Structures are given as structure tokens and as C-alpha cells.
Amino acid sequence: MALEKIKLTPLDAKGHPVESRSFHVLFNPNTYSISKSVTWNGSPDRALNAPPLTFGGGDSRVLTLNLFYDVTDPSALGGKPIKDVRQETNKMVALTQIERKRDRPPAVMVLWGGAPPHNSDFPFIGVVTQLSQTFKLFTNEGVPVRAELSVIFKEYKDPKKDKQETDPDFTTRLVKRGDTLSSIAAELYGDPRTWRRIADANSLDDPRRLEIGRRLSIPGTN
């Protein structure tokens, strides 16, 4: 069984994945990194070896991917011949370009692997803050066929939804692969039969179809 490739899907203005614009990377990275900064402030005090600290707030998580692109072997591309590697790398470039309707580049969902534990790295919702492209091999005509990309995503959260996540009476839940309303209800309420509370809170027309990466509003469990 082939290893599942990283999938990137731009989000619309409401934060929903636009599957028609999704794409996969050619080759998965060997490693990826996630970092997060948390600010603590302290005032120097000569009487203390370390000053008392005051929480100053958290910063967004940062996901870094180093990706390899090579179109010289059609068998690695599913038999689809590609003459210019930029046909693939330009899909990543599009994530840095301003969209007319919103006057900014899109947020994107980065998905890799099956259903991870809660609060895991993927799906990762973020915006591209840095993209570096290095083209390494060329045809006789000067067309690039191999490239290395370094992409940095900064976590993007809607302020309202972010606040809901910290509210004990009303939280949200990110839909992962394999989720159903019944399984989410069983996880959060301890009873799969209470799935209708979640369906009603999110105005779901078809509760059997859940978009991976969608953030569901979860009514209080009290």
C-alpha cells in the first residue's frame, strides 16, 4: 500500500475546504517541524534569583515543510508526463497570491495521514508566510525538472471560533478522517444517540456527510 501523500486544500471565506482546488505534493518530506511560542514577562528583582512571571499570551503554531519535486520519472507521477516542474510548484505559489474577493491569500488546510489523536498536528489550518524555491536540474532547453521547496505555514484561527474553543460551555471540534456525528457525540457526550444536538447546532443538511477539516460547533455538555 502506497504511503498517503500530503494534501493541501484552500479554504473559502467561511473557512470550509474547497475540494476542487485541493492538490497533493509529489513526494512526502522525511521530516516536518511544528513550533509554538508562548510569552511570559517578568520584572527584574534583586532580591530574587528569578522574577515572578506573568503570562503575556500565546503565538500561533508554525509548520515547516521541506518538499522535493522531480518530474524526470513518469512512473513516480502515476504515468502522467510533466515537462516542467513548475506545473506542480506553482500550485504552492498560488497559496501566496492575493485573491480578489478577499484581498488576501487563502488560508489552507494541510492534511496528512489517517485520523490522528485529538490536538495533533494535522489537519493544520494556516497561511503561507514564507516560500522558497530552489530549481536544481534543467533540460537542454533550460526548463526546470527538479526543485526543492521550503514552505512555512502560520496557524490561522478565526477569532470567534478560537474564543469558542476556550469557552467551557461552548466548544468546537475539528472533523478528522473517519469521524461521524455519532462517533463525535459518543466522544464528547458519552452517547452516540445525541448526535442530533451537533447536527442542529451546525445546520447540517446531511449529517452523514462531514467535510474533513470542518470545525463543528459543539453545544455545552451540561
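This report describes aromatic contacts, charges over rings and strand pairing in a predicted model.

## Basis of the description

Because the model is predicted, local features need pLDDT of at least 70 and side-chain atom pairs count only at pLDDT 80 or more, while totals for chains, interfaces and linings use all residues. Residues are numbered from 1 along each chain as its sequence is written, and side-chain values use heavy atoms, with hydrogens and water left out.

## Aromatic pairs

A pair of aromatic rings is described by the distance of the centres and the angle of the planes. Rings of Phe, Tyr and Trp (its six-membered ring) pair if their centres lie within 6.5 Å; planes under 30 degrees apart count as stacked, over 60 as edge-to-face and the rest as tilted. The structure contains 5 aromatic pairs. In one of them, the ring centres of Tyr 32 and Phe 122 are 5.0 Å apart and the planes stand at 65°, so the arrangement is edge-to-face. This pair links distant parts of the chain, 90 residues apart: Tyr 32 belongs to strand 3 (residues 32–35), and Phe 122 to the loop between strand 7 (108–111) and strand 8 (124–138). Strands (E, at least two residues) are DSSP runs, numbered from the N terminus.

Phe 122 is buried, with a relative accessible area of 8%, whereas Tyr 32 is partly exposed at 33%. Here buried means under 20% relative accessible area, exposed over 50%, and partly exposed in between (1.4 Å probe, protein chains only). Phe 122 also forms an edge-to-face pair with Trp 112, at 6.2 Å centre to centre and 75° between the planes. Both residues lie in the loop between strand 7 and strand 8, so the pair ties together parts that are 10 residues apart in sequence. Tyr 32, Trp 112 and Phe 122 form one aromatic cluster.

## Charges over rings

A charge sits over a ring if NZ of Lys or CZ of Arg is within 6 Å of the ring centre and within 35 degrees of the ring normal. The charged end of Arg 197 lies over the ring of Tyr 189, 4.4 Å from its centre. Lys 5 is placed over the face of Phe 27, at 6.0 Å from the ring centre.

## Strand pairing

Two strands pair if DSSP finds at least two bridges between them. Strand 6 (residues 62–70) pairs with strand 9 (residues 144–155) in the antiparallel sense over 9 bridges, and Leu 65 stands opposite Val 151 in strand 9.

Strand 8 and strand 9 also run antiparallel, joined by 11 bridges, with Ser 132 opposite Ser 150 in strand 9. Their hairpin has 5 residues between the strands, and Gly 142 takes a positive phi near 85° there.

Definitions and conventions. Helices (H or I, at least four residues) and strands (E, at least two) are DSSP runs, numbered from the N terminus.
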